[in-house]
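Dear colleague,

Please find below the structure that I am handing over to you. My notes on the sheet, the helices across it and the pockets follow.

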Amino acid sequence: MQTLRTPDERFLALPDFPYTPGYSDIDDGDGGRLRVAWVQDGPDDGEPVLMLHGEPSWSFLYRKMIPILAGAGFRVVCPDLVGFGRSDKPTRVEDHTYARHVEWMRTLAFDVLDLRGVTLVGQDWGGLIGLRLAAEHPDRFARIVVANTGLPTGDFPMPDIWWQFRNAIQTVDDLDVGRWVQAGCAHPMSDEVRAAYDAPFPDDSYCAGPRAMPLLVPTTPEDPASAANRAAWAALSASDTPMLVAFSDSDPITGAMAPIFAREMRGAAGIDHPTIREAGHFLQEDAGEDLARAVVEFCRRRSC
């Protein structure tokens with residue numbers, strides 16, 4: 001597996017993101033090694049909150065939430081998915097599979113960091129990956145927060161706007177990541193913030209990850225990930241692990257999943273699920289402080 005590594009100078013002077021990354025080399029599943037990056041804040045002995053980003057962002061997306069959760073006493077861990085942020089970037093779309101992304105994050109969270117009693121916060125692909133981890137390793141998780149995400153099996157059709165996004169990501173010549181993140185927000189971003197989302201991708205040779213992820217979403221019942229996702233959905237539906245459904249009010253891609261999670265997940269019963277107001281798909285960017293406060297309140301109400 002051939003990889004690229006974004007030069008460190010691309011990450012200088014990031015607005016409101018002063019965190020020093022940690023790095024670990026893990027098996028790439030193809031006989032080689034990958035360097036995976038994460039940032040961390042809060043007390044080392046605090047309850048861990050694992051916040052997973054999605055497509056096409058990176059851990060910078062959580063910069064408004066990290067200080068609030070760390071200030072509340074939690075150990076906040078925000079990895080960069082392989083192919084994103086400061087993590088290594090396989091250069092071929094074919095190197096990315098759903099199963100590999102689940103395994104890469106499992107290795108980091110459990111083998112490297114040995115996280116236990118985890119509160120998961122998953123948005124977009126952070127949910128698609130994180131919910132698989134929570135279903136397959138329930139002993140590691142204390143709580144789950146789903147935020148503008150899903151766990152597709154291919155048994156139900158994806159919305160038209162998602163297909164438009166998928167097709168555009170595959171055909172556009174220059175994958176302007178900052179522009180895509182802005183398109184998923186309800187409020188305008190500054191030039192500095194947009195540049196920070198662009199930072200991991202100096203040119204299109206670094207963009208196999210963002211181009212691959214839409215292709216990995218199960219859209220037919222026979223998709224390679226469908227069976228595992230069905231099993232995960234069944235396990236989570238029966239689990240009593242508390243689940244907070246914290247979706248925004250303006251996400252046309254995943255918004256329809258909020259009432260389904262609230263209705264179908266045993267762990268979501270009896271919980272007051274917030275709606276994050278005036279926020280688009282990237283609710284962490286639009287209203288990260290509101291989402292962080294909702295997570296803190298949820299953790300305190302559903303303490304171990």
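A pocket is an open set of points on a 1 Å grid over the protein atoms alone, with protein on both sides within 12 Å along at least five of seven lines, and its lining residues have an atom within 4 Å of a point. The model is predicted, so local features need pLDDT of at least 70 and side-chain atom pairs count only at pLDDT 80 or more, whereas totals for chains, interfaces and linings use all residues. Residues are numbered from 1 along each chain as its sequence is written, and side-chain values use heavy atoms, with hydrogens and water left out.

I begin with the second largest pocket. It is lined by Leu244, Gly270, Ile271, Asp272, His273, Pro274, Ala294, Glu297, Phe298, Arg301 and Arg302. Its space is about 200 Å³, a volume being the space filled by probe spheres (1.4 Å) set on grid points joined across faces, edges and corners. Five of the lining residues are nonpolar, two polar and four charged; Ala, Val, Leu, Ile, Met, Phe, Trp, Tyr, Cys and Pro count as nonpolar, Asp, Glu, Lys and Arg as charged, and the others, Gly among them, as polar. Helix H10 is the element that gives the most to this lining, with four residues. Helices (H or I, at least four residues) and strands (E, at least two) are DSSP runs numbered from the N terminus.

The largest pocket holds about 880 Å³ of space. Of its 39 lining residues, Met158, Pro159, Trp162, Ile253 and Thr254 are the closest to the centre. Two or more residues each come from H3, H4 (160–171), H5 (177–183) and H9 (257–264), and H4 gives the most, with four. The lining comprises 25 nonpolar, ten polar and four charged residues.

As for the sheet, seven strands form an open, mixed arrangement in the order S2-S3-S5-S4-S7-S8-S9; two strands pair if DSSP finds at least two bridges between them. Strands S2 (22–27) and S9 (243–245) stand at the edges with a single partner strand each, so one side of each has no neighbour in the sheet. The twist averages 20° from one strand to the next. Strands S4 (48–52) and S5 (75–79) pair in the parallel sense over three bridges, and Val76 in S5 is the bridge partner of Val49.

Two helices lie across this sheet. H3 (125–136) lies across S4, S7 (118–123), S8 (141–147) and S9, at about 145° to S7. H10 (283–301) lies across S7, S8 and S9, at about 150° to S8. Contact here means heavy atoms within 4.5 Å, and angles run from 0 to 180 degrees between N-to-C directions of axes fitted to C-alpha atoms, for helices over the stretch in contact.

With kind regards
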